[in-house]
Every structure is written in C-alpha cells, then in structure tokens.
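Hi,

Here is the structure I promised to pass on. Have a look at it first, and my notes follow below.

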Amino acid sequence: MEQPQDLRLSFSLSTWDQMRLAALMMFQRTLFLVFGLAWPVIGVVLALFALVSGLPAGAPMWRLVAFCFAFMPVLMAISGFGALAVARPMREPFNYAFDPAGVHVWTSAFQHSHAWPQIVRIRRVGGFLLLFFGPRQAHTIPLRALSAAQEAALMALAQAHGAGAGRR
C-alpha cells in the first residue's frame, strides 16, 4: 500500500467528465437546489390548475407548463457546454500530489496548493471525489483515477491534517 506522503495522481478529464462535473457542481448549493426543484413544482401546479379549474386552458398555458419542465434541463445543458468551451484548452493531464502540507496541483500552465485546513469539505458524489476549498470551488478527482487503497489513504491523510473530511 502506498504511503499517504507519496500519494500522487495524474489524470485528464474526458468530455463526459466535464459535462457531468458541470451538472454536479450546479447542485452543490442548497439555494440553487431549491431553485432547480421549484420549476417542476410550478409546472405541476399550473398543469393541475389547468385541469381542475374547469376554465379552458389554451396553448399558452401548456407552453408555460412545458417551459417550467424544460427550464432546468436546458440550463444544465448550457452550463455543460459552457464548461466545455472554457475547459477545451486544458487537454493535458492534471498532476496531483497529496502530502501532510496539503493538496498540490500542477500542469505546464499553472500550479497551486491548498493546505489541508483550507479544504472545508470532502464529498464523494457522481463518480468524483470533490475537495472543496470554497463555495462551488473544488479540486475534482475522478474516482476512476483512484484505487480503493489510494482513496482510503487520501481520506486518512485529510482527516489527520484538519481537512473537513468528516462532512461527506
């Protein structure tokens, strides 16, 4: 088993990973989750009102109901394609190193580090391990890039050095 001090990863995010990640990150904030769920609820209420009220419901009402149901999927698609447009130049692999000092990431274009106490939350969601260092800002590691032993070593290292690993 690898020592936590020697934990290094190198991976590239596929197009599908980038699309999924854009959708996952949209719903990491409770307010946005409420906003996202409100649209279908409004659509159901409008449809029930149209069916139960006995008043004639014309095409504009049913268009509005369809808009309510389609709004969030369209918004997610726009967000996903936007993520692709922004991330398109980053085709080289991300290199990560995890040690007692924190999380270090680099490519030929940039490098930065976050100390473990700056990692406020760690979540395992949608095939990714997300190491949050701010609202909707996270280091994203695809679980396919980690073995079970590496994931356990990373979580142990994070918890031992004060990362928010207890909140999954």
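This is a predicted model: local features need pLDDT of at least 70, side-chain atom pairs count only at pLDDT 80 or more; totals for chains, interfaces and linings use all residues.

Residues are numbered from 1 along each chain as its sequence is written, and side-chain values use heavy atoms, with hydrogens and water left out.

So, the hairpin. E5 and E6 form it with two residues between them, and Gly126 in the turn has a positive phi of about 55 degrees. The two strands pair in the antiparallel sense over five bridges; Val125 has Phe128 in E6 as its bridge partner.

Next, the sheet. Four strands make an open sheet in the order E1-E2-E3-E4, with antiparallel pairing. E1 (7–11) and E4 are the edge strands, each with a single partner, so one side of each has no neighbour in the sheet. From one strand to the next the twist averages 15 degrees (axes are lines fitted to C-alpha atoms, for helices over the stretch in contact, and angles run from 0 to 180 degrees between N-to-C directions). E3 (residues 102–106) and E4 run antiparallel and are joined by five bridges, and Val103 has His114 in E4 as its bridge partner.

His114 is worth a click. This residue sits in strand E4 (residues 111–115) and counts as buried at 13% relative accessibility (buried is under 20% relative accessible area, exposed over 50%, partly exposed in between, with a 1.4 Å probe and protein chains only). The side chain of His114 makes a polar contact with the side chain of His139 at 2.8 Å. For that term, a pair of N or O atoms must lie within 3.5 Å; within protein, one must be able to donate a hydrogen and the other to accept it, and residues adjacent in sequence count only if both atoms are side-chain atoms.

Over in strand E2 there is Phe94, which is buried with a relative accessible area of 16%. Phe94 and Leu9 are 85 residues apart in sequence but 8.0 Å apart in space, C-alpha to C-alpha. Leaving aside neighbours within four places in sequence, the contacts of Phe94 (heavy atoms within 4.5 Å) include Leu9, Phe11, Val105 and Phe110.

What about the core? A nonpolar core here is a set of buried Ala, Val, Leu, Ile, Met, Phe, Trp, Tyr and Cys residues joined through side-chain atoms within 4.5 Å. The largest one has 29 residues, and Tyr96, Phe98, Trp116, Ile122, Leu129 and Ile141 touch the most other members. E6 supplies the largest share, five residues. A second, separate core has nine residues, among them Met26, Trp39, Met61 and Cys68.

Last, H4. This helix has 13 residues and reaches 18 Å from its first C-alpha to its last, close to the 18 Å expected at 1.5 Å a residue (the expected span is 1.5 Å times one less than the number of residues). Its buried residues include Leu154, Met155 and Leu157, and the buried residues of H4 pack against E1, E2, E5, E6 and strand E7 (137–142). Just after H4, Gly162 takes a positive phi of about 90 degrees.

Cheers

Conventions. Two strands pair if DSSP finds at least two bridges between them.
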